[in-house]
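Dear colleague,

Please find below the structure I am handing over to you.

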Amino acid sequence: LSFEAKKMHDLTIDTRLGIEILIRDINDNPPLFEKPLYEVTLDEDLSQGSHIHTVVAYDRDQKGTPNSTFHYAIKSVSPESPNIEFFIKNTGALSFKGCLDHEVASKHTLLIEAIDHGDVVQLSSSTTVIINVEDGNNHLPVVTGQTGSGKVKENESGVSPLRLHVTDLDVFQSKAWRVEYTILGNEKGYFNIETDRKTNDGILTVVKSLDFEEGATKELKISVKNEAPYFSCEVKSRPTIGLWNVDITKKQSSGGNIHYNATTVIIEVVDVNEPPEFTVTVKEARLPENTQIGTWVENVTAVDQDSSAARDFIYKVGDDPAGWMEIDADTGDITTIKWLDRESPHVVNGFYTLMLHAMDKGQPPMTGTATLQIHLIDVNDNVPKLDVNYVDVCLSDSHTPTNISATDPDGDPFGGPFKFELLGDIKGKWKLDPSYGFTAGLVRYSSVYAGLYTLKVKVSDQQGEYGIYSLNTTVCSCSVVRNCRSRNIGTFTGKGAIGIILASLVLLLLVLLAAVSFSCKEEFDNWETIPDDFLVGQINHSNVEKPGTDCKVPNIFSAPDGQKPNYLSKTQDQDDRRSHIIWKHENRDVKYHKRHQLLDKSLHSLIQFKLCSLQETVDDLPDYEPYIYAEEGDLDIVSDLDRICFSDGPPSNLCENLGPEFESLASICMPPQLQNQEHKL
């Protein structure tokens, strides 16, 4: 407290006085714990003297005085056990003596007091400590039996022949209760065993197929242990000072002298029919193509390890794409039954693959498989061939070569590059440049005019084997399209050529047997048009005809008395891209023998002329606008027309031996100024 003395007259401070009052503490506060309840969990195998937990209390009385000084004490333990004693240190640290035993007490409840040291009165408070004891592995598992057939078929895997059963007194589903199995005598890894987590059973499984021939039974020793390490504690004596004397066994599962429970099981291997096995599953052989039928190729061998009658087997050909081989059912010798061809589509990169089987007589029969790869050695059994037998040559190309190519299915050195040669009278007309390689260049000399030619080409491979081929060559101006022929028309060879020739002959017969007349008029009634199928010829311009003039040509056939002469009417449709020859048969009563006489005289020459003019059908002409060479009356503008030329030249007497009827026709229709001029039909 603070006091002040003041003067009366002016109230100024005269004296100050201070007084200190000391308050003497009394023990009016008990020590208090931080928590009213503590709970801990201990492993059963915890050793005595180990720290369990520390409790903490405090006192609000004057520090350093007996009123604030206190100690801890365990007032009660529940349940009580003769094998354990808890104690607490001055620091509040809890510990125990003896052994924890989950089976005796899974939980201990301790009442702990904090008591101060007051002079007049001692105050205290308490807290509760709950100690849970987790079960340890102090009981070993015991195998009680097994279920299952204990049998497994050879060559089977993934099957379970048996199941082991165990019991354990430790807490269900704890680490001390769950078990692990170990297989002894499983060096080759045939078996595996897993634990059923619900029942603790051991499930034995075959993971690698067994072979009956290696042993009819398999003996296995299976041991069982817990996941938690084994532990045991036994109190021997209880001295008053210090820790008690106890016997502790605490070792890891894999160590020590602990004898874990084990059992022996016998697995029976059941014999089944196995397929024969080839000693070599992929074999190779070499053989020249075109080898004689009956040639020995190779031998294969298979073995069957079955101990039963099923070990008898035969050899068979499984897959023979070309049907070239056969195999002896008993010896395995492979021989040819057909000629071998390296160029066959069944031969890949020079190898022919044959699939072979060895089939036993078991029930069901089993089959082993092997592969024989036959390397066919190439021989020169093919001559080079032209890729195409026709080419188009344009007049404007001059000395530019036209490519002709050849191929040979034989491999090196029996194939290309090739030597190309032209045969026959080709000097000053044709040449090859280049003439060696896989492609040669065909060059036309300027003396060769537009027309259809047949060239003989000889193609030789590296070994001199050769083939001679006809090369149909068409020369034209190419003024509209680059190709001389329609894209859809091939060379007239084979069945197509025969069909066109026959159609042409039919057309000739119809013309020769008809009584018709020619007319140059542009409009007529009742015209009948020959179908396009008959127009298979090529119209060749002679460059000597003037524009048409209307004329009537008397029938060159003798008409019966009293009948009107027949006429052949002809016109050219200038608006059509195709040249159609239109015939009109005006008199159908002309007698047959008159026509027959004409056929006898000129059929041979007309057929020869007709065959030279065959080129393409009207329906397949390329789609382009017609090119006008000259208007009516402009006969001088015809220099661009191609000159008609025969590949081998026309017969000199072709137009001279056609008979008197055709000579009369020529004298009527040919203009006088051209009668003495030489021209070609």
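**Side-chain contacts in the predicted model**

The side chains of D201 and R163 meet in a salt bridge, with 3.5 Å from N to O. D201 lies in the loop between strand 16 and strand 17 and R163 in strand 14, so this pair ties together parts that are 38 residues apart in sequence. Please keep in mind that the model is a predicted one.

D201 is buried, at a relative accessible area of 9%. R163, by contrast, is partly exposed, and its relative accessible area is 27%.

R163 has a further partner. A salt bridge also joins R163 to D196, and here the closest N and O atoms are 3.1 Å apart. D196 is located in the loop between strand 16 (191-195) and strand 17 (202-206), while R163 belongs to strand 14 (residues 162-167), so the contact ties together parts that are 33 residues apart in sequence.

E227 pairs with R197, and their closest N and O atoms are 2.9 Å apart. This pair links distant parts of the chain, 30 residues apart: R197 is in the loop between strand 16 and strand 17, and E227 is in the loop between strand 18 (217-226) and strand 19 (230-237). E227 counts as partly exposed at 28% relative accessibility, and R197 counts as partly exposed at 47%. In total, the structure holds 11 salt bridges.

I turn next to the aromatic side chains. How many aromatic pairs does a search of the whole structure find? The search finds nine. One of them is formed by W324 and Y352, a tilted pair with 4.5 Å from centre to centre and 35° between the planes. W324 lies in the loop between strand 26 (313-319) and strand 27 (325-327), and Y352 lies in strand 29 (residues 351-360), so that distant parts of the chain, 28 residues apart, are linked by the pair. Both W324 and Y352 are buried. Elsewhere, F33, F70 and Y72 are joined into a cluster by ring pairs.

Finally, there are contacts between a charge and a ring. The charged end of K97 sits over the ring of F87, 5.8 Å from the ring centre. In the case of R238, the charged end sits over the ring of W244, at 5.3 Å from its centre.

With kind regards

Technical notes: Residues numbered from 1 in each chain as written. Predicted model: local features only at pLDDT ≥ 70, side-chain atom pairs only at ≥ 80, totals over all residues. Heavy atoms only, no water. Salt bridge = Lys/Arg side-chain N within 4 Å of Asp/Glu carboxyl O. Helix = DSSP H or I, 4+ residues; strand = E, 2+ residues; numbered from the N terminus. Buried < 20%, exposed > 50% of the residue type's maximum accessible area, 1.4 Å probe, protein only. Phe/Tyr/Trp six-rings, centres within 6.5 Å; stacked < 30°, edge-to-face > 60°. Lys NZ or Arg CZ within 6 Å of the ring centre and 35° of its normal.
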